[in-house]
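Could you walk me through this model, starting with the ligand site and ending with the sheet?

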Amino acid sequence: MTVLVLLGAPGAGKGTQAALLAEELGIPNIATGDLFRAAVRDGSAIGLEARRFMERGQLVPDDITIRMLLGRFDQPDAKAGAILDGFPRNGAQAKALDDALAERGEAVDLAPLIEVDSEEIFRRMSGRWLCRDAGHVYNETSNPPAVEGVCDIDGSPLYQREDDKPETVRARLHLQLASLQEVIDHYASTGILRRVKGQQPIDDVFRDLLVVVQDGAASSDA
Ligand code: AMP
């Protein structure tokens with residue numbers, strides 16, 4: 001079983017790269033956020049427990065999250081391994097994952113980190129604008145509208161959600177980066193952290209990730 005933990009700040013392109021890697025390696029991409037949203041939709045016991053935390057924008061407690069994740073590992077498509085996206089979110093979860101996998105005689109194989117400078121992350125996260133009529137999404141840097149403040153598609157005015165305003169984004173990002181750092185430190189200390197430059201075109205990030213993953217596989221075979 002190959003377990004990859006894909007790390008990166010929000011907006012670093014983790015979701016995109018996880019999907020590409022999953023396809024290339026033929027193992028599923030497991031995003032805990034997606035699992036929780038599906039559980040809430042299905043009205044399962046875990047979904048009911050998780051919902052009140054998600055609604056407040058809080059992390060779901062570790063015991064629930066780990067239970068859900070291990071349940072997903074038991075699905076037949078994850079027999080050969082999985083790519084984790086959105087888990088672990090902090091040092092405690094990283095340790096809990098190691099312990100849970102160790103009980104099954106497994107371990108995280110590699111933790112590739114998509115590195116993007118924190119000011120760039122801040123720009124990507126805070127430049128989001130939505131249109132009033134239909135919620136079409138724009139980004140000041142990566143996808144600006146043709147005319148500032150106006151939706152290209154329906155001409156309605158653009159606005160920023162409270163959550164996407166610069167001061168809110170900065171406060172949230174500060175907390176997320178501190179938790180990410182704990183996870184980075186954890187995998188650096190176990191020797192499986194690998195850094196990949198995230199400020200390049202999607203294809204180049206993917207190429208570098210593949211090199212790191214293939215090297216990782218080669219060194220663990222040695
Ligand atoms: P995401 O799609 O990754 O932003 O996750 C959406 C929500 O699911 C988060 O706000 C949390 O409430 C929950 N969640 C996702 N991943 C985790 C995790 N690793 N630990 C705890 N809660 C999580």
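This is a predicted model: local features need pLDDT of at least 70, side-chain atom pairs count only at pLDDT 80 or more; totals for chains, interfaces and linings use all residues.

Residues are numbered from 1 along each chain as its sequence is written, and side-chain values use heavy atoms, with hydrogens and water left out.

Let's start with the ligand. It has 13 residues around it, and T32, R37, Q58, G86 and Q93 come nearest (a residue is near if one of its heavy atoms lies within 4 Å). By type, that shell splits into 5 nonpolar, 6 polar and 2 charged residues, with Gly counted as polar, Cys and Pro among the nonpolar, and Asp, Glu, Lys and Arg as charged. Helix α2 (residues 32-42) gives the largest share of the shell, 4 residues; helices here are DSSP runs of H or I with at least four residues, strands are E runs of at least two, and both are numbered from the N terminus.

| Protein side | Ligand atom | Distance |
|---|---|---|
| R37, side-chain N or O | oxygen | 2.9 Å |
| V60, polar backbone atom | nitrogen | 3.0 Å |
| R89, polar side-chain atom | oxygen | 3.1 Å |

On its own the ligand has 480 Å² of accessible area, and the protein covers 80% of that (Shrake-Rupley method, 1.4 Å probe).

Now for the backbone. The peptide bond from F87 to P88 is cis, with omega near -5°. P88 sits in the loop between β3 (81-85) and α5 (91-103). For context, most peptide bonds are trans.

Last, the sheet. Three strands make an open sheet in the order β6-β5-β7, with antiparallel pairing; two strands pair if DSSP finds at least two bridges between them. β6 (137-139) and β7 (158-159) are at the edges with a single partner strand each, so one side of each has no neighbour in the sheet.

β5 (residues 128-131) is joined to β6 by 3 bridges, and R128 stands opposite N139 in β6. The hairpin of β5 and β6 has 5 residues between the strands, and G135 takes a positive phi there, near 75°. Towards β7, β5 has 2 bridges, again antiparallel, and C131 stands opposite L158.

Note on methods: A polar contact is a pair of N or O atoms within 3.5 Å; within protein, one must be able to donate a hydrogen and the other to accept it, and residues adjacent in sequence count only if both atoms are side-chain atoms.
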